[in-house]
Amino acid sequence: MNDTDLRTEARVFGRYLVGEAPSEVLVERYRAANHAIPAVQGDDAVVAYTRQHPWSVSLLDAAAGLVASGSLLRKKLLVMTAIVETTPELATKTEPRVVGLPQLAVRLGVAGVRTAFEVTAGLALSAVVKRRG
Amino acid sequence: MPLIEAGRAVRMLDVGNAGGRYPMPDGPFEQVRRTDPDQHRYLLGDHFEGIALEDLGIGAHLTPPRQFVCEDADRLQPVASTSFFPLHSLAVGGLAGAWGAGAPCFVESDFAGFPIGFADLAPHYETVASRIGINGTRDDLWPFLGQLAALQPAVEIDHNGATILGRYERARDKANRRALYLGRPRLAMLTQPLRGRSANRLWDTDFWSDTGGSVYRPSSTVDELRASSRFELVTRKLVVDFVERDGWVEITARDVDTNQLETHRARTLVLGAGTLGTTRVVLRSLARAGARVPIVCNPHTYMPMLNLNQLGKPIRDARHSLAQACMVYAPDGLERPFTVGHIYSYRSLLMFRLMKDTPLPHREGLEILRHLSPNFAVMILQHADHPTPAKYCELAGEKFTVEYASSTSEQAANLGVESAIAKSLLRIRCVKLRAHHAGHATSTHFAGTLPMTDRDEPLTTDRDGKLRGTRAVYVVDGSVFPTLPSKGLTFTMMANANRIATKLARA
């Protein structure tokens, strides 16, 4: 594994998950996690593509959730999710939240529509990325 | 404890792994999450062992601070199997170092197949409850969870528990007509101080920390025993086998650090190494190479639900982490076997653990789960189990094998019960999201290998726990339970151990 690539992944995945660049502490923690967890060691075309094209993470993640839940991308994203969730500075972005029913419906609806778009676009993009190898 | 109290000298041989590697600061979970910069150490582990990327199964709830419970077990006591992958323990107090503290009594119908009944254990349930502290209340579940006078007041329940039980109270008749009964669980968790342990502070840290000792761990009893000059704890020892000599029992143990064997002598040997550990020792000692013994284990189902009663309602920050409500499904009433489930809320185990099992993209998934999780409840069902030829242990040389298979009819029966429960839960506005059937052994409720019986058969125990074929060897763990009802067995195992020890003390 290339530590430069891992650091790039941490920044791309962190921004994707919580909308801001992760601190260097979290980048380093992601790097360390990838060395410690055998299941996320290695690389593949999809993960490499996300490093080069950060805009693609949401699409490829959505597609993988549907058709490749055990993929390397999904596992790496889970690791980064765990890391951002266990960081006090980001607690307000990851802790449970209660809103009224109307607002809950809106939030879930927006997330649902976005997911549907991402899955559709992601499936197409995923096919292209894998073909390019 | 009865042996020490009767003036007997007791030496306990145990590997005795202990926790303490990942201390958590005192304080409510949400506060710690927002303030502690080192939280990743205990929440994820120094080697990120808290991020499990495999299937939800054995030890799914074992957080890094609890993983000491299974440390060394696979290395020192490997289990060969194609179907049964148990969590087993060499920790002080065994698997209860990480248990959910559910402590119902067995009622009379739960003792079907046992040579003893509720009346034999009743005084011992009271003794143990007084010693360890169990909270609960007299409600609709009283007949199913058993009579117990020595109860501390029921612990406060959280928003999920309150809205579910509130709905149940309003729809009780409809629910009961569908054989559904709900109430407070019995938990071995203090709501009042007891023997140096504190009441639960409702910090929602019970999966991570034992601060105050409110949730009972057997290590606290071991600590009490160590205050007596009649009790000796010898750690780092793994019992290998025993042989009865003229007037005493010779026990061989291996030091796990030096690998050296040593012998100990006792008038009486009491085996309580956990079902798998005890069975290994007995099979090795009685030289029954290749002999098979049965095993039973509660089939384990996780049933996440959406609690519609809670949607849009405020959540209670102050809460404990363990079961908030208990469900009994009893289509044939109290006299026939019924199914017990425990209902948990979800917060302190963090969102990423849920993400692993959802197909959602991580960003939207996090957003959706953050908003939905206050309305999630997870019911854990543990079905009853009975011995069949397809469930067995055997020891051949040093190879200890366990194989387990449920029959088609057993699986169908369990699925039928789950389907009926899910339909009944709709009456109280709880919607089942899915049912995850965890692998065999996930419940960690193992029993039945040296079943107590009135029949004089080899590799069984009599009603007082004496191992047949021996003069002075007794078994006090789950090995002796011939079957398992749909209930946690730990409290009943403790009561039975107290009963056997009391008889030994008087002998």
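Which residue of S12(B) is the bridge partner of B:Met327? The residue is B:Gly341. The model examined here is predicted; local features need pLDDT of at least 70, side-chain atom pairs count only at pLDDT 80 or more, and totals for chains, interfaces and linings use all residues. Residues are numbered from 1 along each chain as its sequence is written, while chains are lettered from A and ligands numbered from 1 in the order in which they are written.

Strand S11 of chain B spans residues 325-329. Helices (H or I, at least four residues) and strands (E, at least two) are DSSP runs, numbered from the N terminus. S11(B) is mostly covered, with five of its five residues buried. A residue is buried if 20 or more other C-beta atoms lie within 10 Å of its own, exposed if 12 or fewer, and partly exposed in between, with C-beta atoms placed from the backbone. In a regular strand, side chains alternate between the two faces of the sheet. On one side of S11(B) lie B:Ala325, B:Met327 and B:Tyr329, and on the other B:Cys326 and B:Val328; all are buried.

S11(B) also has strand partners. Two strands pair if DSSP finds at least two bridges between them. Strand S2 of chain B (residues 180-183) runs antiparallel to S11(B), joined by four bridges. Here B:Gly183 has B:Cys326 as its bridge partner. Strand S12 of chain B (residues 339-345) pairs with S11(B) over five bridges, again in the antiparallel sense.

Another part of chain B holds an open sheet of three strands. Its order is S8-S14-S15, with antiparallel pairing. Strands S8 (292-294) and S15 (399-403) of chain B are the edge strands, and each pairs on one side only. Neighbouring strands of this sheet are turned by 20° against each other on average, direction ignored. Axes are lines fitted to C-alpha atoms, for helices over the stretch in contact, and angles run from 0 to 180 degrees between N-to-C directions. Three bridges link S8(B) to strand S14 (residues 392-396) of chain B. B:Val293 stands opposite B:Cys393 in S14(B). Helix H10 of chain B (residues 275-285) lies across S8, S14 and S15 of chain B, at about 45° to S14(B).

The two chains meet. In total, 38 residues of chain A are in contact with 37 residues of chain B; contact requires C-beta atoms, placed from the backbone, within 7 Å. H7(A) gives the most to the side of chain A that touches chain B, with eight residues.

Technical notes
Two residues are in contact if their C-beta atoms, placed from the backbone, lie within 7 Å.
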